[in-house]
Amino acid sequence: MTVTSTSFQVRDGALPWPGLLALSCAAFTAVMTELLPAGLLPAMARPLGVAESRIGFLVTAYAAASFLAAFPVTAALRGLPRRPVLYGALLGFAVSDALVALSSSYPLTCAARLLAGATGGTLWAMLVGHAARMVPAERRGRAIAIVLAGITLALALGVPAGTALAGAVGWRAAFGALAGFAVLLAGWVRLRVPDFPGEPAHARVPLARVARRPGIRPVLSVTLFLLLGHQVMYTYAAPFAEHAGFGRTGLLLAVFGGATVAGIWVAGVLADRRLRGTLLAALALLAGVLAALGPAAVVHPLLLGAVALWGVAFGGAPTLIQTALVDASGPADADVATSLQTTVYNAGIAAGSLTGGVALDTLGAGALPWTALPPVLLALTTVAVGRRHAFPSARRAVAREAGTSAGPVPVAVARVAGDHDARRSVADGEGR
């Protein structure tokens with residue numbers, strides 16, 4: 001059944017700001033829920049009767065549940081209308097954060113964090129695809145940048161503000177406030193974010209076929225390599241700063257977080273017009289920064305400048321990569337593709353943290369930039385050679401939706417949300 005155009009929220013070239021901002025706040029809430037315990041280790045350890053390291057495991061529990069749940073939960077929910085799943089995930093965050101606020105039991109707190117992680121894996125698998133279906137293809141990159149700006153705001157402002165609030169009124173009140181915000185946000189999503197139908201069973205493209213589409217695997221590879229390299233440095237920023245004789249790790253992280261705002265702004269401006277070139281430039285800049293950090297970190301102005309450029313490069317990369325992923329999968333299958341990326345993203349975080357820890361223990365903090373550089377170079381190389389399907393010079397999905405000729409189109413971009421049978425027939429053709 002024909003439901004409505006993917007661009008029905010756009011009027012006279014304007015973006016559907018209320019809905020996109022609600023999705024951006026959802027991203028903000030997910031990052032806040034994930035990372036807030038990291039800033040509250042001593043405060044939470046004493047009331048729960050455990051060591052600080054076990055409070056740190058609450059972040060690990062979230063990431064592990066997100067890693068394990070993203071793909072199977074997204075697959076199980078494919079048939080449901082999209083908007084109820086979105087605000088249902090936000091209500092899941094509200095329940096989890098409320099349990100953490102009220103719990104005096106460490107096992108119960110861990111269970112609440114596992115619920116939050118599973119909820120987060122589901123939410124991350126949906127946000128980008130939902131934003132992509134709210135706008136025409138030529139506005140897709142900007143819409144995704146707006147949604148992902150919630151991550152940057154959470155890292156640069158939200159987590160520090162939440163930690164400060166916890167210091168002033170207690171960590172339980174901070175989690176309670178986060179739960180209340182999630183409830184209000186669920187109402188906002190219910191009122192202002194458009195709904196899209198789920199996929200009936202007979203019209204679903206098999207999950208393995210989505211994964212095999214031209215361009216999907218290179219985009220996922222770039223995600224893995226980039227996160228691996230980034231996390232080697234980011235996880236161990238404190239020992240690297242100490243190695244460089246710069247004792248203000250908080251300042252370094254603040255510079256990085258502030259610079260990511262500039263990066264995501266640049267990506268939002270250029271993703272729809274120069275996706276390939278902008279991503280190549282961002283990865284080349286990141287590789288150059290890592291090469292410079294090795295010999296130049298002891299010069300503190302150069303260290304701060306390099307960290308700022310690192311923030312700009314990394315801040316814009318997720319928008320560019322996820323725009324390429326949606327182009328490769330098509331908006332109607334973006335939830336499935338993004339669930340794969342969520343799994344790969346968390347795998348990159350885990351692998352980067354592990355690799356960086358091994359390098360730190362065996363070679364010392366000075367080896368961290370050189371350890372991070374090879375995977376970033378692999379990401380750069382993958383984009384450079386992925387000209388045909390994953391990172392084409394001209395975004396074929398945009399040309400297809402605009403009705404222009406741009407040669408063979410490797411993905412199906414649904415013009416009508418809910419037109420699953422038509423999309424299925426195109427996908428079947430591409431598999432032959």
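Is the crossing of helix 6 and helix 13 left-handed or right-handed?

Analyst: The crossing of helix 6 and helix 13 is right-handed. A crossing is left-handed if the near helix is turned anticlockwise from the far one by less than a right angle, and right-handed if clockwise. Helices (H or I, at least four residues) and strands (E, at least two) are DSSP runs, numbered from the N terminus.

A word on the source. This is a predicted model, where local features need pLDDT of at least 70 and side-chain atom pairs count only at pLDDT 80 or more, while totals for chains, interfaces and linings use all residues. Residues are numbered from 1 along each chain as its sequence is written, and side-chain values use heavy atoms, with hydrogens and water left out.

Now the geometry. Two packed helices are described by the angle between their axes and the distance between the axes. Axes are lines fitted to C-alpha atoms, for helices over the stretch in contact, and angles run from 0 to 180 degrees between N-to-C directions. Helix 6 spans residues 140–169 and helix 13 spans residues 300–329. Their axes lie 9 Å apart, at an angle of about 130 degrees. That angle makes helix 6 oblique to helix 13. Angles under 35 degrees count as roughly parallel, over 145 as roughly antiparallel, 65 to 115 as roughly perpendicular and the rest as oblique.

Next, the residues. On helix 6, Arg-140, Gly-141, Ile-144, Ala-145 and Leu-148 make the contact (heavy atoms within 4.5 Å). Their partners on helix 13 include Pro-318, Thr-319 and Val-326. This contact of helix 6 with helix 13 has five nonpolar, four polar and two charged residues. Ala, Val, Leu, Ile, Met, Phe, Trp, Tyr, Cys and Pro count as nonpolar, Asp, Glu, Lys and Arg as charged, and the others, Gly among them, as polar.

Take helix 5 (residues 106–133) and helix 14 (residues 334–363) next. Their axes come within 8 Å and cross at roughly 130 degrees. Helix 5 is therefore oblique to helix 14. This crossing of helix 5 and helix 14 is right-handed.

Last, helix 1 (residues 17–35) and helix 7 (residues 171–192). Their axes cross at roughly 155 degrees and come within 10 Å. So helix 1 and helix 7 are roughly antiparallel. Helix 1 passes helix 7 in a left-handed crossing. The contact residues of helix 1 with helix 7 are 13 nonpolar, three polar and one charged.
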